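Hi,

Here is the structure I promised to pass on. Could you open it alongside this note and follow along?

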Amino acid sequence: GGAEAEGVAAEGAAAAAAAEQLTSALGLVAKTLQRCGLGLEHVLFVRLYVSRMAHYAAINAAYSAAFAGRPPAARAAVELPLGAGRALCVEVVACGATKQLLHVQSISEWAPRMIGPYCQMTAAHGVALVAGNLGLEPATMRLVGGTAAQAAQALANCGAMLRGLQGFEAKRTLQMVLYLTAEADADAARRAARRWLRGHGAAGAALLLLQVGGLPMGALVEVQLEAAAAAAPALAQHSFTVTHGRLRVACHLTVSGASSAEAHTDTGCAGGATASSGAETSAAGDGSLEPSPVAALGTLQCLVGLAAGAAAGAEVADVPVAQLVDSLREAQRQAHVLLESRALRAGRAQHVRAFCEVGLLPAAALRGALLETMAGAPCSVLALPVERIRTSQARLAVQLHFAVDARRTVATDD
């Protein structure tokens with residue numbers, strides 16, 4: 001009895017501490033946004049990474065208090081092995097333009113209601129950000145079947161949400177992240193995602209599968225995606241491979257048309273909090289916000305693994321950091337060449353998000369390599385540990401987000 005009571009008290013204290021960390025992080029986000037005349041009401045999307053999903057209720061309460069009285073943002077929440085003393089990490093996308101949103105609060109037949117203080121989808125500048133979706137049957141709000149069934153249901157929910165906001169459709173999907181909790185279920189989840197993308201004419205979209213420690217409601221799968229407006233300029237999607245030394249980098253370049261706007265990069269937000277306007281940002285730099293013109297938004301996804309012929313038993317961690325830096329720089333160079341051949345000019349990367357398998361590379365070493373890749377340019381970097389990466393035999397996934405000067409409409413390369 002006594003030991004059990006102490007355990008309950010300790011768990012309650014840990015949950016309260018996590019809620020306090022979130023309140024502090026969102027306070028930093030709010031201050032950062034204020035410096036460019038924005039507030040939490042301008043937030044489009046929140047990625048909430050927590051060290052323990054058991055603290056979800058307390059974290060949700062703190063999140064709800066921070067956003068009280070403001071139009072909600074879309075959100076995805078997953079459990080990652082963030083390390084001792086780090087209860088959570090927050091990544092935020094905000095925009096000063098008109099914010100469209102889809103917010104279903106009651107039981108319906110077509111889309112699940114929200115299970116937290118957020119909305120199903122937001123959109124601005126021709127891009128829709130769909131919240132992380134679980135395999136919930138809308139009419140009952142119960143999780144369906146196993147991994148394959150939950151993946152199919154979550155994807156169906158994403159499609160319903162895109163249809164729920166006029167001007168968006170699944171065939172304009174730009175990129176998708178699928179989180180799953182069980183290693184054995186990766187193939188089933190991948191097949192479901194590929195089937196959905198092909199079925200909606202979006203087979204060229206970037207796909208990333210990440211194995212995480214836990215998801216809300218004990219779900220097996222969570223799907224989050226971004227899609228361009230049907231009326232936005234045509235997409236540019238290209239896949240290519242970079243091989244350098246013992247590394248093989250599978251790259252996917254996506255450009256989505258957007259109206260002229262002003263993007264702001266937060267070059268330093270402490271405590272793991274992030275903020276942006278038009279471009280995603282994270283903890284790094286001096287805390288200033290730098291405006292840059294944007295006519296389109298680009299993402300370069302780099303999946304890093306070992307090249308064919310690498311020594312048996314070798315790990316990416318055995319490869320000198322210099323090879324990783326050179327590989328990522330070459331990927332950027334080739335992406336810029338592809339864009340220039342289509343009269344597009346890429347600006348510098350404004351935010352870099354990296355997912356690295358636990359134990360592969362120390363966080364400090366990875367972050368240092370990413371900053372070196374950016375060659376000292378003001379760029380925010382967020383390095384996150386995951387259980388496993390389940391795409392293209394990669395051990396490290398890097399996503400670079402940048403503004404593009406879109407001088408003309410381009411066609412998709414399959």
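Predicted model: local features only at pLDDT ≥ 70, side-chain atom pairs only at ≥ 80, totals over all residues.

**Aromatic rings**

A pair of aromatic rings is described by the distance of the centres and the angle of the planes. Searching the whole structure gives 2 aromatic pairs. One of them is Y49 with F355, an edge-to-face arrangement with 6.5 Å centre to centre and 70° between the planes. This pair ties together distant parts of the chain: Y49 belongs to strand β1 (residues 43-50) and F355 to strand β16 (residues 344-357), 306 residues apart. Are these two rings buried or exposed? Y49 is buried, at 1% relative accessibility, and F355 is buried as well, with a relative accessible area of 2%.

Then there is Y63 with F67, which is stacked: 4.6 Å centre to centre, with 25° between the planes. Both sit in helix α2 (residues 56-67), and because they are 4 residues apart there, about one helical turn separates them. Y63 has a relative accessible area of 1%, so it counts as buried; F67, at 5%, is buried too. Y63 has another neighbour worth a look: R75 lies over the face of its ring, 4.5 Å from the ring centre.

**Cysteines**

How many disulfides does the structure hold? The count is 0. C302 is buried, with 0% relative accessibility. C36, on the other hand, is partly exposed, with a relative accessible area of 22%.

**Helix α6**

Which residues of helix α6 (residues 363-373) are buried? They are L366, A369, L370 and T373. These residues span an arc of only 95° around the axis, so they lie on the same side of α6. If you are checking backbone torsions, look at what comes after the helix: α6 is followed by A375, which has a positive phi, near 55°.

**Where to click**

For a quick tour, start with the edge-to-face pair of Y49 and F355, go on to the stacked pair of Y63 and F67 with R75 over the face of Y63, and finish with the buried residues of α6, L366, A369, L370 and T373.

Cheers

How values were computed:
Residues numbered from 1 in each chain as written. Heavy atoms only, no water. Phe/Tyr/Trp six-rings, centres within 6.5 Å; stacked < 30°, edge-to-face > 60°. Helix = DSSP H or I, 4+ residues; strand = E, 2+ residues; numbered from the N terminus. Buried < 20%, exposed > 50% of the residue type's maximum accessible area, 1.4 Å probe, protein only. Lys NZ or Arg CZ within 6 Å of the ring centre and 35° of its normal. Disulfide = S-S within 2.5 Å. Arc of directions from axis to C-beta.
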